[in-house]
Amino acid sequence: MVLERLQKVIAEAGIASRRKAEKMIVEGRVTVDGKVVTQLGTKVNTFSNVTVDGEPIERESLHTYLFYKPRGVVSTASDDKGRKTVVDYFKNLPYRLYPIGRLDYDTSGLLLMTNDGELANLLMHPRNNVAKVYVAKITGQLTPEEIGQLKNGVKIDRRRCAPAKVKIIKTDRKKNNQIVQLTIHEGQYHQVKRMFKSVNHQVKKLAREKYAFLTLASLVSGKYRELTHEEVDRLKDVD
Ligand code: URA
C-alpha cells in the first residue's frame, strides 16, 4: 500500500500548497480517520479519510502517461481551428489529462500527459533543469563555429540560452541538409527552431526523443503508456 505524507495529500487535492498544508496541520485543522493530527511527518494511505476544517478532501487518483505525439496535432486542450488535440487521444479515460509543456503542431515525439498538478508545476517551473533531447532535420550544415555557438548558448531575443549539447547524426550534402541531435534544459516557445535560426539554419522536421530519463522505446506514433510509480517518483526527484 502506498503511504504518502499528509501535507502532500492535501496539496494534491488542490486545497493548498504543501507549505500551507503543513501550517493547517500544525494548527489542528486536519483530521485523519476522525482524529486530529498535528504531527508533520504523518503518513496516510489511499483509504485514509482526511478532512480539512471538517470537510472531507477528494482524493482523485493521479495518473501520468508518456505519449508519442504525432505531427499535425496541437498540444492544447481545444483548438479554435478545430484541429486534433493531444487530449483527444485520451478521451476514453475516466480522468482529464493535460500536457506537461508543449510540442509544436508540426513537432512529433515524447509528451507527458497528467492530472497530477503538483508534478506538472514542478516540471514546468523555469528553475527545473530536465534534459530534453530533440532530433532536428535542418537546412544546410552546421559549421564548427555554429556548433560552438550552440554549445556555448546562443542568444534568442536578446536572452542567452543555456549551453546545449550538439551531436551531428547525419549529413546529406546532395540534399543540403543535416540531422542534428540537440539536448537542452529549457523550454521556451519554439526554442529549438529559434536556436537553429539564430545560427541561420531552418528546422524542416523536429522530434523530441527523450525527456529526463524517459524515451519513446516500444511506442509508436499516436500511442501511450502509463508511467509507473517509480518513474513518477524519479521524475519528482529530477533537477
Ligand atoms: N522547440 C521547438 O522549436 N518546438 C517544439 O515543439 C519543441 C521545442
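Where does the ligand sit? I looked this up first in the predicted model. The ligand sits in the largest pocket.

**Domains.** I noted the division of the protein into domain 1 (4–56), domain 2 (64–127 + 214–237) and domain 3 (132–211). The centres of domain 1 and domain 2, taken over C-alpha atoms, are 29 Å apart. I then asked why the ligand lies between domain 2 and domain 3. Both domain 2 and domain 3 give residues to the shell around the ligand, so the ligand lies between these two.

**Shell.** I listed the residues around the ligand: Leu103, Asp104, Thr107, Tyr134, His190, Gln191, Val192, Lys193 and Leu206. By class, I have four nonpolar, three polar and two charged residues in this shell.

I went through the N and O atoms of the ligand next. In the side chain of Asp104, an N or O atom is 2.7 Å from a nitrogen atom of the ligand. For Thr107, I noted 3.0 Å between an N or O atom of the side chain and an oxygen atom of the ligand. Val192 takes part through its backbone: an N or O atom there lies 3.1 Å from a nitrogen atom of the ligand.

**Cover.** How much of the ligand's accessible area does the protein cover? I have 240 Å² for the ligand on its own, of which the protein covers 96%.

Note on methods: Residues are numbered from 1 along each chain as its sequence is written. This is a predicted model: local features need pLDDT of at least 70, side-chain atom pairs count only at pLDDT 80 or more; totals for chains, interfaces and linings use all residues. Side-chain values use heavy atoms; hydrogens and water are left out. A residue is near a molecule or strand if one of its heavy atoms lies within 4 Å of it. A polar contact is a pair of N or O atoms within 3.5 Å; within protein, one must be able to donate a hydrogen and the other to accept it, and residues adjacent in sequence count only if both atoms are side-chain atoms. Accessible areas come from the Shrake-Rupley method with a 1.4 Å probe; for residues, only the protein chains shown count as cover. On a 1 Å grid over the protein atoms alone, a cavity is a set of points where a 1.4 Å probe fits but cannot get out, and a pocket is an open set with protein on both sides within 12 Å along at least five of seven lines; lining residues have an atom within 4 Å of a point. A molecule sits in a cavity or pocket if more than half of its atoms lie within 2 Å of its grid points. Ala, Val, Leu, Ile, Met, Phe, Trp, Tyr, Cys and Pro count as nonpolar, Asp, Glu, Lys and Arg as charged, and the others, Gly among them, as polar. Domain bounds come from an automatic or database domain assignment.
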